[in-house]
Amino acid sequence: MFEPEEQKKDDDFMEKKVWEAQIRQPKNFFKPALGSELQPKLDLNLEFVWGYRARDMRNNIKYLDDGRVFYNAAALGIIMNTEVTSSGASKSTQKFFNKHSNDVISTAVSPDGKIVATGEIGAAPKIYTWDSSSMLVISVMSDGLITGVANLAFSSTGEKPLATCLNDLHQVCIFNVIQGLLIASAKGGNNRILNAKLVSDTDFVTVGIHHYQYWKHSGENFLKSIRGNFTVEITRDLLCCEYNTPNVITGSTDGSLYLWKEQDFESRKPLHTGCLDAICVNRTYVITGGKDCKIHILSKLYLMLHTLD
C-alpha cells in the first residue's frame, strides 16, 4: 500500500546552500594537506564589536577623561573613539580589554576617568582594574567574590572599589585598587542588590528589591549597615542610586526620584511614567532616564531644565 521513501543523501538535505555565496576564502590562505595536523597560518584580530549589553545592566556606558566612551559586551571591555573626518563623516575605532574568561556583568570608572573596573559572572569571578589609556591590568581581585560580580563602584578618591555579588546572601566587598586586596566584606541580605554607590571613602549605599541600606566602613575590616526608613507612600523597589551632596538619590519602579539623608527618607519627586532606570550626577546637572524613553535634565536643586524625548 505504501512504498518505502527513498532516503535522501546528505548532499540533498538543502536544496540551495545559500550560505556558500556568503563565504570567501581569506587572502593568502594556506590549506594544509588532507589529514595534516598543521593549523592554518592565520591570526584572527578583533576589529569592531557591533553590540552593547543592555538587557540586565544600568548606567554601564560612560565617558572617560579624554572624551572616549567606555561600555561592555560579552566578555569584553570596549573603549570607542569617534572622530569627525575632513569630509564631515564620523569614524569610530575601538580598543578592547579581553582578560575576562566569562561575561562582564558590572563596570565602573574612577572619578578621574582614567581607571576602569570590570567584573564577571561565574562561580569564582574576578574583578579587573585596568588603565583606560594603555589597557594594561592594574590589579586582579577575587577574594570574597561569589557567583558573579553584580555591581561595581569607586570611592571618591578612586582608591577603593566596592563590589556586590550574585550569591544568595549578596556579599558586599571593599578592595584596595592598587594591591587588589580585600579590605572588608559583609552579607548584604536576602534581597537582590541592583546598584551601589560610595558616598565617601567610608560610607556607601546599596539599593535593590525591597532594599535600601546605608553602610559605614569603620576599623580595618568592619562593615555596619542600617536599613532605610521607608514610609508607607513610597515603593520599596529601588533600581539605581547616585550621590548629589548632601543627598543619596534613588530611582524607583514608580518613576520617582527619592531623596535620602543617610538612611532616612526625605522626599519624593515624580519624574517618569514607568521605572526610573538610570541616574547620572555631574558638577552641574542631575540627569535621569526612564522606561518612558525620556531623559530629564535637572539642576542640582532638582528643578526641571530640559527633557529629551
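**Contacts and cores**

Biologist: Which residues does isoleucine 127 touch, not counting residues up to four places away in sequence?

Modeller: A contact means heavy atoms within 4.5 Å. With that rule, isoleucine 127 touches Ala117, Thr118, Gly119, Ser139, Val140, Met141, Leu145, Val149, Leu152, Ala163 and Phe175, leaving aside residues up to four places away in sequence. Bear in mind that this is a predicted model, where local features need pLDDT of at least 70 and side-chain atom pairs count only at pLDDT 80 or more, while totals for chains, interfaces and linings use all residues. Residues are numbered from 1 along each chain as its sequence is written, and side-chain values use heavy atoms, with hydrogens and water left out.

Biologist: How many residues does the largest nonpolar core have?

Modeller: In soluble globular proteins, nonpolar side chains tend to be buried together. A nonpolar core is a set of buried Ala, Val, Leu, Ile, Met, Phe, Trp, Tyr and Cys residues joined through side-chain atoms within 4.5 Å; buried means under 20% relative accessible area, exposed over 50%, and partly exposed in between (1.4 Å probe, protein chains only). The largest core here has 14 residues, and Ile127, Leu145, Leu152, Ala163 and Phe175 have the most contacts inside it. Two or more of its residues come from each of strand E6 (115-120), strand E9 (149-154), strand E10 (161-165) and strand E11 (171-175). E9 gives the largest share, three residues. Another core lies apart from this one; it has 13 residues, including Ile234, Leu238, Trp260 and Phe265. A strand, by the way, is a DSSP run of E with at least two residues, numbered from the N terminus.

**Strands and sheets**

Biologist: What is the order of the strands in the open sheet of four?

Modeller: Strands of a sheet pair through backbone hydrogen bonds, either parallel or antiparallel. I call two strands paired if DSSP finds at least two bridges between them. The order in this sheet is E17-E18-E19-E20, with antiparallel pairing. Strand E17 (238-244) and strand E20 (264-270) are the edges, each pairing on one side only. From one strand to the next, the twist averages 25° (axes are lines fitted to C-alpha atoms, and angles run from 0 to 180 degrees between N-to-C directions). Strand E19 (residues 256-261) joins E20 through six antiparallel bridges, and lysine 261 stands opposite aspartate 264 in E20.

Biologist: Is strand E2 (residues 69-73) mostly covered or mostly exposed?

Modeller: Mostly covered, as five of five residues in E2 are buried. Val69, Tyr71 and Ala73 point one way, Phe70 and Asn72 point the other, and all are buried. E2 pairs with E1 over two antiparallel bridges, valine 69 being the bridge partner of tyrosine 63. E1 and E2 form a hairpin with five residues between them, and glycine 67 in that turn has a positive phi of about 90°. E2 also pairs with strand E3 (residues 76-84), over five antiparallel bridges; there, isoleucine 79 in E3 is the partner of phenylalanine 70.

Biologist: How many salt bridges does a search of the whole structure find?

Modeller: Side chains of opposite charge can pair when their charged atoms come close. The cut-off for a salt bridge is a side-chain nitrogen of Lys or Arg within 4 Å of a carboxyl oxygen of Asp or Glu. The search finds nine. In one of them, arginine 58 meets aspartate 277 at 3.5 Å, N to O. Arginine 58 lies in the segment before strand E1 (62-63) and aspartate 277 in strand E21 (residues 276-281), so this pair ties together parts 219 residues apart in sequence. Aspartate 66 and arginine 68 form another, with their closest N and O atoms 2.7 Å apart; aspartate 66 is partly exposed at 44%, whereas arginine 68 is buried at 10%.
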